[in-house]
Structures are given as C-alpha cells and as structure tokens.
Amino acid sequence: MSTPAHIPPVWMRRTSRQSLLLWLGWLALVALFVWCWQVMTQSTIWAFVLDAPDQAADIGSRMLPPEWGYLPELMLPLWDTLNIATLGTVGGVIMAVPVAFLAARNTTPSATFLRPVALFIIVASRSINSLIWALLLVAIIGPGLLAGIIAIALRSIGFVGKLLYEAIEETDARQIEAITATGAGPAQVLTYGIVPQIMPSFWGISVFRWDINIRESTILGLVGAGGLGLKMNASLAVLAWDQITVILLLILGTVVLSEALSAKLRKAII
Amino acid sequence: MTAPAYPKTWRRPPQILANRRIRIAIQIGVLIYLVLAVGSIEVNWLRVFEGLERGQRFVMGFLSPDFTSRWRDIQQGLVESLTMTLTSTVIGVALSIPIGIGGARNMVPRPVYLVCRSIIAVSRALQEIIVAIFLVAMFGFGPFAGFLTLTFATIGFIGKLLADEIEEIDASQVEAIRATGATWPQLLVYAVQPQVMPRIIGLSLYRLDINFRESAVIGIVGAGGIGATLNTAIDRYEYDSAGAILLIIIAIVMVAEYSSSYLRKFLQ
C-alpha cells in the first residue's frame, strides 16, 4: 500500500504557502519594530542609560532603611485618599446610571440621537486617564481634594457606564414583557422589570470600580489633587527617598487590602 | 370556610440584603461616613469661582481646538508615544511569554513556578506612574524611560493572563503529544502553542491599546510622549492646544479599540 500522491511523505504542520506568509508577517513586524526603535531612541542619551545601574544602587541605598517615623504624618493623607476614591466612585456611579440607560439599546429613548451621544461620553471618559482629568481640574478649580474627587468621578463614568449598559442589554426580555403585560407604565417597567435584574451587576461593578479608584487616587496627588500622592511629590522634591519607601509600602498595603475587600464583597453579592 | 387573609397590597421584597436590621445598620453607617468624608473636604470657593472662568475657556478650547500653533510639539509627542507603544508591547510580550509559561503550574517544576509568579505579582502591584518615576530617575528623561515602564507593566499583564490560560488548556492534547515521545520544547510547540496562540494575539492587541493610553500619562512625570506635551500645554494655560491633544488621544484610542476588537473577532 502506498500513500496517495497529494499527501507529502513527511508530515508538515503548515503548507509551504502558509509558512511563507507567516515568515513575511514576522519580517514585517521585525522591520516595523526596528524602525520604531530607531525613531524612539534618536534623542536618547546613552551615557545616562549606561549609568543606570549605579543610579539604581544609589537610590536603593538611600531608600533603606525606611523612615518609619514618617508614618503617623501619613494617616491624614491616607484618609483623604480613601475619601477621594469613595466619594469619587459615588459621584461617578450617580452620573453613570443615566448615561448607561441612554446607551443601552433596549432602554434608550432615541437610538439615532441620544445613544451616540451617550456612547461618546463613555468613550471620552474611558480614554482619558484620571491623572489627566486631575491635571485639568487642578488647573481649573485649584489644588485639593475636590479636584481629585471630580477627576475620579469623571473617569468612573465611562467604566461603570459601559459595563452597566452591557448588563442592561443582557436583561431577560420575558420578565420585562410580563411586567408590561400587567399594564405598567415605562417608569414602572424600569423599576420592576429592569432594575431588579441589573442590581447584582450594578453593585459588583461599583465595588470593582471603587477598588480600582483606591489604586488610582493614591497617585492623584502627584499633580496636586490631594492624598498620599501629594506627600510623595513633596518627598520626591526634596529627594527624601527613605520617606518614599514608607509611602510606597503604605500604598501597597492599602491596595492589597482594598483588593481583598472588594473580592470578598463581590463574591457575597454575586 | 373563610379564606386566609391575604395582604391587600404587594411590596417588593428587598433585593440584596434580606435582614432588616443589617440593612438599617449599613444605611446609618454609610450616612455617618458620608457626613465625615464630606466634612473633611476643604473647598476654597473663591478659588473655584475664579477657576470657573478658566474652565469655560477650557471648554471653549475643547470645542475649537487649535491643532496648528503647537503642531510640531504635538507631532513629536505623538511619534514618541506611538513608537514607545509598539516597541514596549513587542519586547514586553516577548519577555512575558517565557514568564507566562513558567507561571503555569502544569508546565514547570514548583520553584520555577514560584519565581515567575512573584515576578508577575511585583509587576502588577506597582503602578505605571510610580515605576515611571523611578525609571526616569535612573535612566534620565525621555521616551526610553517610558519604554521601560510600559515593558515592565506589559510583563505583569500578559504574563498573568497567559499563565492562567496555559493552566486551563486541554490536558488530553498535551498527553497525546507526550505519548508520541515528544520532548518538553516539542510539547510546548505542538501541544500548548496551538491552544493559546489566539489568546496571545488577542491579549497583545489589547495591551497595545492600553500601552498607548498609559503612554499619555507617564509623560507627566517626564517619561516622554504625548503626555509631556499635554502637561506643557496645560502649564502654559494653552487650553486650545490641550483640547486638540485630548481630542487626538480620544480619536486614536477609539480607532485602536475598534480595530483591535475587529482584528480579535477576525482571528478567532
């Protein structure tokens, strides 16, 4: 018995045409990478780069041991940071709910006009980082907690809005129909048909965003929006690296704790 | 025979917390917290009032963006951001593939697993902006520090998701390849790689998108890119240029998001 003519004697994973195309694809990627690398490093001063290990050792030796006496001074900024995250989340969620209802296909009052506007709000809020929002708001309303809270809130709209409108679109249409069949008006359909279905995901999304916001609010102070970042900026300005170690450890601890708390809460909700 | 007395009205049952006492306790707790938290905000209303005029100018700048007068700076920032994004994604993915394989419990011995998982954990715990501060201090200002920051962040992101993905692959395929007498590298190429390749491509495209967004931020602490240009524009109170930069960022992010989701659908 001999093998048919169209099957090659040795098994190959790809046909020769496929492997040629694959090879060309890799070549294009490598070429693009090399080109980008050269454009990027045009103005790089290589002496500084080569110097980096010494710098790293220097900074490392300044960072240790941590200046623990600085810790009590950080408690008030920590409270501020937690407030920025929490109040920002509350504000963001409050603004995100109407946007989500406008953006969901099954609840939007006008799919041609209002839905694109809502979707643009969501995309714009998602693509601009909270640090950039904070930078703008500090310039507009002055440094302080309020700028941080508004920055966090504006950034949260997109995240919460997107996840919430997807949840609204995935609601069970039969339950809504059943409520409509009882003669309920649009507002009643909303409260009795849709809201109970999205409640668990609403709380889940909010807690998840709160956890992300804690992480982001720790650094907002770098641009003047209050909290731990403000202290970090001050320590950076005077090159007090041993204080920075304490701040970083505090941030790490807060983030880990809030992550654990949020995971636990979300498990309890869902 | 009388029917049992049904309630005449219906009340919707509580949605999340069934216990009435706990519910009330939580509500009171939330109220107390809100009062304390709102009380701790100090707002200088005079400053806010003065700033409103500036806010109005910013909105006007956003509505009539000025692309031309700072075009050279914007262009340079954009080129830096885009090249930084691509190079850091390529290197980051290349580095995170071995780390991701090492972080999969079903592929490697335990010590290797622990080392790789701790690399991933460190990279995920540190925020980009903090890493950027350190790398700028070590490597000097400019896009090279930004490139290193984004690479470092990419390792944690792709490494974790890839390791989780490899841990969930179909074990029977691995066993079938192993039964042919394949060595460990052959096992990777013929059993693992075909199963996780679509996911790697999808994640890389997603990370490309994230890296561009982040490149707009790390410029604020001196790591080059469009963020540096934006920071300068805001410092100079040139809100029309800042508006133009923000619009460009939004447009690129939108294009990247749509094309990467289209590509991912196409590849799967």
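How many helices and strands does the secondary structure of chain A come to? The points below start there.

1. **Model and numbering.** This is a predicted model; local features need pLDDT of at least 70, side-chain atom pairs count only at pLDDT 80 or more, and totals for chains, interfaces and linings use all residues. Residues are numbered from 1 along each chain as its sequence is written, while chains are lettered from A and ligands numbered from 1 in the order in which they are written.

2. **Chain A, elements.** Chain A has 11 helices and 0 strands. Helices (H or I, at least four residues) and strands (E, at least two) are DSSP runs, numbered from the N terminus. The order from the N terminus is α-α-α-α-α-α-α-α-α-α-α.

3. **Chain A, spread.** The radius of gyration of chain A is 27 Å, well over the 18 Å from the globule rule for 270 residues, so chain A is more spread out than a compact globule. The radius is taken over C-alpha atoms, and the rule is 2.2 Å times the number of residues to the power 0.38. Along the principal axes, the C-alpha atoms of chain A fill a box of roughly 75 × 70 × 35 Å.

4. **Chain A, domains.** Domain 1 covers 9-38 and domain 2 covers 73-269. Such bounds come from an automatic or database domain assignment. The C-alpha centres of the two domains of chain A are separated by 43 Å.

5. Chain B holds 10 helices and 0 strands. Its pattern along the sequence is α-α-α-α-α-α-α-α-α-α. The C-alpha box of chain B is roughly 90 × 75 × 35 Å along the principal axes.

6. **Chain B, domains.** Here the assignment gives domain 1 (12-39) and domain 2 (60-267). Their C-alpha centres lie 40 Å apart.

7. **A helix pair within chain A.** The axes of helix 4 (residues 75-103) and helix 9 (residues 186-217) of chain A come within 9 Å and cross at roughly 140°. That makes helix 4 of chain A oblique to helix 9 of chain A. Axes are lines fitted to C-alpha atoms, for helices over the stretch in contact, and angles run from 0 to 180 degrees between N-to-C directions. Angles under 35 degrees count as roughly parallel, over 145 as roughly antiparallel, 65 to 115 as roughly perpendicular and the rest as oblique.

8. **Residues of that pair.** Helix 4 of chain A contributes residues including Thr81(A), Ile84(A) and Val93(A), and helix 9 of chain A contributes residues including Arg209(A), Trp210(A) and Ile214(A). Contact means C-beta atoms, placed from the backbone, within 7 Å. By class, this contact has 5 nonpolar, 7 polar and 1 charged residues. Ala, Val, Leu, Ile, Met, Phe, Trp, Tyr, Cys and Pro count as nonpolar, Asp, Glu, Lys and Arg as charged, and the others, Gly among them, as polar.

9. **A helix pair between the chains.** Helix 6 (residues 130-141) of chain A packs on helix 9 (residues 226-235) of chain B at about 10°, with axes 10 Å apart. That makes the helices roughly parallel. Ile132(A), Leu135(A), Leu136(A) and Ala139(A) meet Leu230(B), Asn231(B) and Ile234(B). The classes are 6 nonpolar, 1 polar and no charged residues.

10. **The whole contact.** Chain A puts in 48 residues and chain B 47 residues. Helix 6 of chain A gives the most to the side of chain A that touches chain B, with 7 residues. That side of chain A has 37 nonpolar, 10 polar and 1 charged residues.

Terms used. Two residues are in contact if their C-beta atoms, placed from the backbone, lie within 7 Å.
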